[in-house]
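Here is a short tour for someone meeting this structure for the very first time. Take a look around, then read on.

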Amino acid sequence: MNSLPPTKYHHKTRIGNWYEEQELEETRLKDFLKYKDIGGLASAKLQQKLDHSLSKASLTYSRDGYVHFDDHLMLCNQKTNGCLVTNIYDRIADIDEAYVATTAKNATPTARSVFIIKRYERDLHTDNIVHYGQKIRIQVNPLLLKKQAYLYSVPISPQHVAKNSRKQETGFHVKDNYNSVWIVEHIDPKIRFEMNGQRVNAGEAVLLRHGHTAQWLASDEYGIKNEFGTEYEVFGHSFQSLNKSQNLIAEKTGRTTIDIPSRNQYEQNGWVLVLAADPSQEFDEALLAKELEAPDYVKLISQAIREKGSYGLRALRIAFQKIGEGKTTKLEKDDFAWGLRNAGIILNNKEINAVFSFLDREQKGLVDYNDLLDVLQAPVKENRRKLIVQTYQSLAKAYGPLTIEKLVAAFDVPNHPDVHRRLKTDKEAFREFTSGWIFNDVEDPVSEEDFYNFYADVSTGIPKDDEFEILLRSSWKC
């Protein structure tokens, strides 16, 4: 192991900006606490919107591995890594009852993110399985909107154009016309023609070609701010490579036709059809109105943490610690709710009340958030415990007494598994790691206990031992 000189850093080492971002987050938190004290937080009306739009929704579990009509699913874009969502509180101008469509990162199955896939017309396929080349509609979840509304797109015109990208306007509207018809196409142009008529697998990336304009459904990083944060614009546009396609022979032999696009498309057009990963994610949505016990809501929190990946529990712990300002672990109900929300776990008022009452056994109006974290945290196996301790000792040997600054310098972002598999960018992985620590100064020491507690939280989000070992061994320059 090579030691790092204490005062010199590689030119790519993040020393200044990341710390400034941390300070900015601290300032925002202080603003929240200030406005809370004077009663200036979000109105009850906004809370009602959030409760309605973010209510839990069921995903269909595919028992044969295929996508079926009337399945409840999510559509996740390969470019933005966000899932298709709608906002029924944001209407599109100049169209009767049409709503904005965006993609949102870290979306969980909710009323605004789960859609129903519908058959458009009777065709040669007599089964209920979706096939490539079939015409479909994407319907808004009835939990969100009682009326039938479908994903639509219209040609570009002076009146109708996407606000940010200036591409083809796309959203959800209640009109029943051909603008809401989409054709499912295979993502690989080399076999797209041959795949027409074949069944679509669950979890597969597809293209959705608009029936009227022949443009593919797309999303790109054009930010749109709304009640739910910053999301990304959805529009109609075919992002194709500019290289020449060698398809004349394929046309001559009948392996393709002139109307089948033969150039590679970009990630903006790729959509993954996400169904339930296990049967527990499929449930009768009519039972949501039934009163649940508090432990059921704790299970929902646990599931939400798992869906957020390996840093989910750590993010919740840090959110609670910041709300408590490092002085107390006991929080009032409003602070408890905002701690969950800051970690990306949104519960409605009924769910918050149930969980809070369950944890507030002494009925004093305070809960110790460690009681919840202890329930959520999985026990650390002995082999993982040894690996965490060995990693800390290796870092201490290479860099000397560890501080936050040295830990950040030693963090190997390019070799992080999520970056290596292109699930996250360098910046996202780095930010996720640094946000998992609370400190007053970059020279604050990091003890073996601090390091162990960090990875004990991370361990909860990684069920497989080999994946945990890969994460730990590949994340450090030692």
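Where is the place of N81? N81 is in the loop between β1 (72–77) and β2 (82–91). Keep in mind throughout that this is a predicted model.

## Two asparagines with positive phi

Let's stay with N81 for a moment. Most residues other than glycine have a negative phi. N81 is not a glycine, yet its phi is positive, at about 55°. N81 counts as partly exposed, because its relative accessibility is 40%.

You'll find N106 in the loop between β3 (98–105) and β4. With a relative accessibility of 61%, over the 50% mark, N106 counts as exposed.

## The overall picture

Now step back a bit. The protein has 478 residues, and 47% of them are buried. Its secondary structure comes to 15 helices and 14 strands.

How much of the surface comes from carbon and sulfur atoms? The protein exposes about 24,500 Å², and those atoms supply 49% of it. As for contacts, take those between residues at least 6 apart in sequence: 72% of them join residues at least 24 apart.

## Q134, a buried loop residue

Is Q134 buried or exposed? Its relative accessible area is 2%, under the 20% cut-off, so Q134 is buried. Q134 sits in the loop between β4 (115–119) and β5 (135–140).

A polar atom of the Q134 side chain lies 2.7 Å from the backbone nitrogen of H131. Setting aside neighbours within four places in sequence, Q134 also has contacts with F69, R119, D123, H125, I129, W182, I183 and V184.

## G171, inside a strand

G171 belongs to strand β7 (residues 168–173). With a relative accessible area of 0%, G171 is buried.

Who touches G171? Not counting residues up to four places away in sequence, the list is I92, Y99, A101, Y150, L151 and Y152. There's also a distance you can check by eye: G171 and G236 are 65 residues apart along the chain, and their C-alpha atoms are separated by 9.8 Å.

## Helices that pack together

Two packed helices are described by the angle between their axes and the distance between the axes. Start with α10 (residues 382–399) and α14 (residues 448–460): they pack at an angle of about 135°, with axes 10 Å apart. That angle makes α10 oblique to α14, and the crossing of the two is right-handed. On the α10 side, the contact is made by R384, R385, I388, V389, T391, Y392, Q393 and L395. From α14 come E448, F451, Y452, Y455, A456 and S459.

Next up are α6 (residues 312–323) and α9 (residues 369–376), whose axes are 11 Å apart at an angle of about 175°. Because of that angle, α6 is roughly antiparallel to α9. Here L313, L316, R317, F320 and Q321 of α6 meet Y369, N370, L372, L373 and L376 of α9.

## A last stop at α7

Which residues of helix α7 (residues 333–342) are buried? They are D335, F336, G339, L340 and R341. After α7 comes G344, which has a positive phi near 85°.

Key:
Residues are numbered from 1 along each chain as its sequence is written. This is a predicted model: local features need pLDDT of at least 70, side-chain atom pairs count only at pLDDT 80 or more; totals for chains, interfaces and linings use all residues. Side-chain values use heavy atoms; hydrogens and water are left out. Helices (H or I, at least four residues) and strands (E, at least two) are DSSP runs, numbered from the N terminus. Buried means under 20% relative accessible area, exposed over 50%, partly exposed in between (1.4 Å probe, protein chains only). A polar contact is a pair of N or O atoms within 3.5 Å; within protein, one must be able to donate a hydrogen and the other to accept it, and residues adjacent in sequence count only if both atoms are side-chain atoms. Contact means heavy atoms within 4.5 Å. Accessible areas come from the Shrake-Rupley method with a 1.4 Å probe; for residues, only the protein chains shown count as cover. Axes are lines fitted to C-alpha atoms, for helices over the stretch in contact, and angles run from 0 to 180 degrees between N-to-C directions. Angles under 35 degrees count as roughly parallel, over 145 as roughly antiparallel, 65 to 115 as roughly perpendicular and the rest as oblique. A crossing is left-handed if the near helix is turned anticlockwise from the far one by less than a right angle, and right-handed if clockwise.
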